[in-house]
Amino acid sequence: MELELRSTGCSRYNPVRMAALLYLKLAILTAAFRCGQATRLYTEEDPVVILTSDNLKQTLLNSSTAWLLQFYSSWCGHCIQYSPTWKALAGDVKDWSQAIRIGVLDCAHEKNFDICKEFSIHFYPTFRYFKAHVTTADIGKTYRGADRELQTVRQLMVNFLQNHTRQDWPASCPPLEPARTEDILSLMGQKSEHYTAVIIEDGDSYVGREVILDLMPYQGVVVKRALNSEKLLMEKLGISTVPTAYLFHPNGTHAVMEVQKRLRFFYSSFLKLLPGVHRKQATSVQQPAQIANKGQGSNEVWKEFDKSKVYMVDLESGLHYLLRVELATHKTLEGEELKTFKDFVTVVAKLFPGRQSVVKLLETLLEWLVSLPLEKIPYDAILDLADNKMRISGLYLSEHVQWVGCQGSSVALRGYPCSLWTLFHVLTVQAASRPDALANTALEDDPLAVLQTMRRYIGTFFGCRECGKHFEEMAQESISQVKSLDEAVLWLWRRHNQVNARLAGSMSEDPMFPKTQWPTPDLCPTCHEEREGLHVWNEDMVLVFLKQHYGAANISPKYISDSRPRPGPPAPNEAIAATPSNLHIQGPKPSADGAPKHQKQTDLDGAGDGGSGVQKDPRLGVSFLGFSSLDMSLCVLLYAFSCVFLMLMFFFFRVRSKRWKIKSHRPYV
């Protein structure tokens with residue numbers, strides 16, 4: 001850097017000034033360096049592998065997969081601008097990880113200086129490919145192309161995989177070369193244990209190879225590719241246009257695969273959703289073949305359902321579990337907990353599009369919470385209201401857990417978390433469809449009312465603390481950007497898909513219901529588009545779909561039970577009482593058939609009371625808010641006695657007053 005000094009009466013070289021300028025320059029560079037270190041472009045939440053000098057060589061040496069690494073600098077402007085594309089690429093090909101993985105290494109970090117020099121990294125970003133099963137020191141092959149768009153890099157990854165020899169081919173990577181015509185035709189009419197999908201395409205297409213890699217983590221389906229230059233194959237399968245997918249079923253039947261759009265995402269989604277196709281799981285996880293006829297428990301019958309519907313029984317079961325099981329872990333509600341619960345009940349009571357008996361129970365609970373001037377409320381009082389111990393006619397919430405759209409392949413999968421997500425989606429859609437529903441509740445005119453209530457409920461009451469922590473992190477990141485009720489609907493949908501992406505392939509994923517980006521193309525083909533080779537959402541169409549799917553008209557009453565307690569007060573010899581096990585629920589521990597313990601007990605003991613699941617005991621009276629019938633009778637008698645006493649006192653003083661007036665106004669003679 002040249003500095004020109006123009007000062008009269010002094011020499012051209014001023015050591016003091018030069019030292020000051022040099023110090024200033026070093027200070028600026030140091031600040032920039034520290035800023036670069038403090039602000040990392042990639043975190044553990046991103047779908048990339050973050051490497052350092054401690055693990056780079058060990059990771060690459062004799063790796064079972066190939067690698068594509070980006071050596072970057074956190075202060076490099078182009079690296080910062082390119083980071084969203086790199087994250088998107090890693091997310092797009094995350095299912096390819098058994099064949100090729102994507103990683104990053106920050107050369108601006110002090111501990112990585114030497115390793116970046118050793119790998120001859122001179123410019124940022126630098127992209128290097130590393131083959132699988134490398135047994136000697138290798139600095140990789142540099143990609144020098146000017147085009148770094150996502151689709152281009154993804155196709156280069158495919159080419160790089162195909163450059164492997166048979167000896168260094170990634171062990172878990174299926175063949176990517178076109179299949180022979182005779183091998184495909186031999187499948188016709190043959191039964192198999194899995195589906196076989198064949199993508200017929202032209203020689204320059206990458207669709208077939210990308211679909212093959214997309215289905216790598218799944219079992220129950222094998223994907224092959226063939227070229228349209230195979231005229232005999234085209235003729236035998238009756239195919240005239242490409243790309244086209246042809247599907248061979250396990251029972252020996254075969255036909256063209258019907259998808260809405262002939263794109264990679266549509267083909268991959270279709271195959272992942274085939275019956276019996278599921279993500280590969282550890283051997284400790286029960287497989288669908290073992291549980292297909294068992295449902296959620298040994299005595300539970302699997303319920304057929306339409307995935308395009310929302311089921312009221314899931315919503316009511318979720319409310320039952322929330323009020324009678326999850327809330328039971330809090331013996332007393334006070335302070336912020338009580339305020340959160342009041343706001344939650346307000347939102348649900350005003351927006352829940354359920355049966356009148358359930359809505360009436362929620363409204364009664366809301367009126368009681370609002371009118372009760374207490375700073376502390378015992379949980380038992382809330383349970384008494386939920387169980388309708390006052391026997392109000394037409395007020396009822398089922399005490400049975402019954403999952404339909406949320407049923408899982410085992411008792412530990414789906415169920416309540418699924419129903420809670422569904423409930424929150426329904427509430428955001430109802431708030432957007434009925435903007436005046438929350439009028440006069442102190443929550444009106446707030447597009448965040450439902451979301452913030454959700455956020456506080458999950459953070460306060462939801463049993464999975466780690467789940468609550470993740471939800472809070474998502475809320476802190478972007479919930480403030482929501483400015484309308486429609487945006488609230490979309491925000492919750494985006495976050496739900498974000499959770500699905502994070503949990504895909506984890507132990508909590510149900511193999512019969514893999515966590516995919518929703519809605520799938522078969523439910524909403526217009527929601528999906530492809531731009532420059534990358535799947536994108538048409539959010540205008542997604543909003544239309546969400547309002548239809550979670551709207552009141554699409555909630556099915558199928559499997560709803562109509563059994564409920566008889567209305568009105570009990571007969572003198574049939575007074576109903578709550579046993580201690582009903583009043584004090586000991587957490588959400590399930591029984592053998594998937595129902596909570598307290599629920600199964602009441603099902604057995606209360607079968608004679610119209611299916612209400614409440615025990616009868618002629619020795620005890622009605623229990624409401626902790627008061628027995630004797631207590632309530634004494635209160636009534638005391639009230640009546642007080643009224644009579646006050647009336648007698650009133651008439652006594654009134655008569656005495658009249659006598660005094662007559663006496664004091666007697667005329668004198």
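This is a predicted model: local features need pLDDT of at least 70, side-chain atom pairs count only at pLDDT 80 or more; totals for chains, interfaces and linings use all residues.
I began with strand S2 and found that seven of its seven residues are buried, so S2 is largely enclosed by the rest of the structure. My terms: buried means under 20% relative accessible area, with a 1.4 Å probe and protein chains only; strands are DSSP runs (E, at least two residues) and helices are DSSP runs (H or I, at least four), numbered from the N terminus.

Residues are numbered from 1 along each chain as its sequence is written, and side-chain values use heavy atoms, with hydrogens and water left out.

From S2 I followed the chain through helix H3 (residues 77-92) to S3, a right-handed β-α-β crossover (with the strands pointing away from the viewer, the path from the first strand over the helix to the second runs clockwise).

Then I checked the neighbours, where two strands pair if DSSP finds at least two bridges between them. S2 (residues 66-72) pairs with S3 (residues 100-106) in the parallel sense over seven bridges. Here Phe71 sits opposite Leu105, and Tyr72 has Asp106 as its bridge partner. With S4 (residues 126-130), S2 runs antiparallel over five bridges, and Trp67 faces Phe130 there.

Last, I stepped back to the whole sheet: five strands, open and mixed, ordered S1-S3-S2-S4-S5. S1 (49-50) and S5 (141-143) are the edges with a single partner strand each, so one side of each has no neighbour in the sheet.

Note on methods: Buried means under 20% relative accessible area, exposed over 50%, partly exposed in between (1.4 Å probe, protein chains only).
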